[in-house]
Amino acid sequence: MNASARSDAYASAFDRVRRRASDPETRVIATLLDEEPERLDRFTVQAAGLHVDIAKQRIAAGDLDELLTLARAAQLERQRDAMLEGECVNRSEHRAALHTVLRAPAGAADPRHMSGAIDEVAATLARMKELAESLRGGRWRGASGTRITDLVHVGIGGSRLGPQLACEALGARAHPAVRVHFLSNVDPDAWDRMRAALDAASTMVVIASKSWRTDETARNAAALRAWLLDGGVAPERLHLHLVAVTANVEAARAFGVPDRAILPFRDWVGGRFSLWSAIGFPVMVAIGAERFSCMLAGAHAMDLHFASAPLERNAPVLLALVSAWNRLALANSSEIVVPYCDALRSLPAHLQQLQMESNGKAVDIDGHPVGVATIPAVWGGVGTDAQHSYFQALHQGTVAHPVDFVVTIPARADPFARDRALIANAIAQGATLALGTTARRSGRTGSTDGGDALEVHRDLAGNRPSTTILVGELTPESFGALIALYEHKTAALGWLWRINSFDQWGVERGKQLAGAVERALGGEPSAGGSLDRSSRDLLERAANLLGARPSPAARDD
């Protein structure tokens, strides 16, 4: 099929899906569950140990058939294979997107277009293991011979969100003698609060920056370097407190990091997909090399599922199809993730970056307007806490917001039955969103009688879509599979919308303009000349407030 025919087939398939999605009220979840006898078979799937249930989505079997036709018209399988084989799928940056190689087992075949990648990844993992086990075993000592007890990981975006999530998720398995901290925000108060509990003599600083030019990371790294020196670390022994994770090895050397403490990774590792690379070094320090390998194995199991399962039984693809459908069918612009697991409390934040930075695009791969709403805002919070904040709006608000329930099974039985309560709440919330209340379904609304009027206020409309991902016990393997599931969903969505999920040019302009604004705040008025009137006024007011502060010496007194 030539390019023109492929484009026509895609446009036709998308138009059919769009027309079906334009009248979603005709699809009632309760009716679909009752009247589609094969619904559970078609709308649930097992993948790498996870159970994914999309049966409570507002999608009929015929809708799913049309969505699968769209996926094939978008050549989703061909796009997937191209990514896995190391082709240049990130066309605007002329790069591959080979995060799956980072978790491939030793001895696996190189991607067809990336010779030597497996050996390179294995070499970095070996160096990570050597450094991590040295820290965990107390053999790596600071400048004064003190054991390293604290590791401060300095990075932002994907260099922080994934590793912090993993350390929290697997914290029950963390080494008791090495504490891991994450510093990302350039706000000096963030570091001031953290350093109060640290001692320079026993602190290791890990600087994680792919380019070594990320402004926030560079400034925080400079502050921590000065703190180490001020804390008594001799300049000639500063290297005993530094590790670098970067693709810019020369810049790390210039900063003073010795070669043995530089953990490299390549430019085909995107930041938001980088947990599995040397960026995950603090995770390996926390849980150990063996458990880190188990995490990689769980992600690899999901890679195998994504690569081989037919589209109609492919969990990441089904999640992507559901997301694309909801973006067309529902009058909302958000997608909510609620992990019923306190250890996964940072999952919504990680998925915000993964999905919104990847697919927050308005032009397609050919530079044309997409012509359809793309990524919704992703947000959420941990259950059951979330039930007491924004769930009221989910149940009775005027707009239906799709929810992903991520449910884990606590590792130990609880004598107070809190484990059962956690699971019961997750299942009950999904059922209530879908089915609503009896009064509403029976049509008893709007009465002016006192009792009935109150009942109306208690009614829940139902027909609110949700997906449930049953993880089982949260282990390194199941955690790895869960994150890889969402990574592949994100890529599949990009291919459905014909956008590049692997670049992020929109992030750069704000960074560039911030430099000019900072110069203006520092006394160079002409630097802010390109700003609008409102921004110039804010700049002047902020400059006055900055200038009115006491000096650092005065504050210290």
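Start by selecting Glu93, which is buried at a relative accessible area of 19% (buried means under 20%, exposed over 50%, partly exposed in between, with a 1.4 Å probe and protein chains only). Side chains of opposite charge can pair when their charged atoms come close. By this rule there are 35 salt bridges in total.

A word on what you're looking at: this is a predicted model, where local features need pLDDT of at least 70, side-chain atom pairs count only at pLDDT 80 or more, and totals for chains, interfaces and linings use all residues. Residues are numbered from 1 along each chain as its sequence is written, and side-chain values use heavy atoms, leaving out hydrogens and water.

Next, pick Glu473 and Arg173. The closest N and O atoms of this salt bridge are 3.7 Å apart. Glu473 sits in the loop between strand E11 (466–472) and helix H19 (476–497), and Arg173 in the loop between helix H7 (158–169) and strand E4 (179–183), so the pair ties together parts 300 residues apart in sequence. (Helices, H or I with at least four residues, and strands, E with at least two, are DSSP runs numbered from the N terminus.) Glu473 is partly exposed at 37%, and Arg173 is partly exposed too, at 22%.

Then jump to Asp503 and Lys361. Are they buried or exposed? Both are buried, and they form a salt bridge with the closest N and O atoms 2.7 Å apart. This pair also links distant parts of the chain, 142 residues apart.

For a last stop, color helices H20 (506–521) and H21 (533–547). They pack at an angle of about 50 degrees, with their axes 9 Å apart; axes are lines fitted to C-alpha atoms over the stretch in contact, and angles run from 0 to 180 degrees between N-to-C directions. That makes H20 oblique to H21 (under 35 degrees is roughly parallel, over 145 roughly antiparallel, 65 to 115 roughly perpendicular, the rest oblique). Show the side chains: Val517, Ala520 and Leu521 in H20 meet Leu539, Ala542, Ala543 and Leu546 in H21, where contact means heavy atoms within 4.5 Å.

Methods: Salt bridge = Lys/Arg side-chain N within 4 Å of Asp/Glu carboxyl O.
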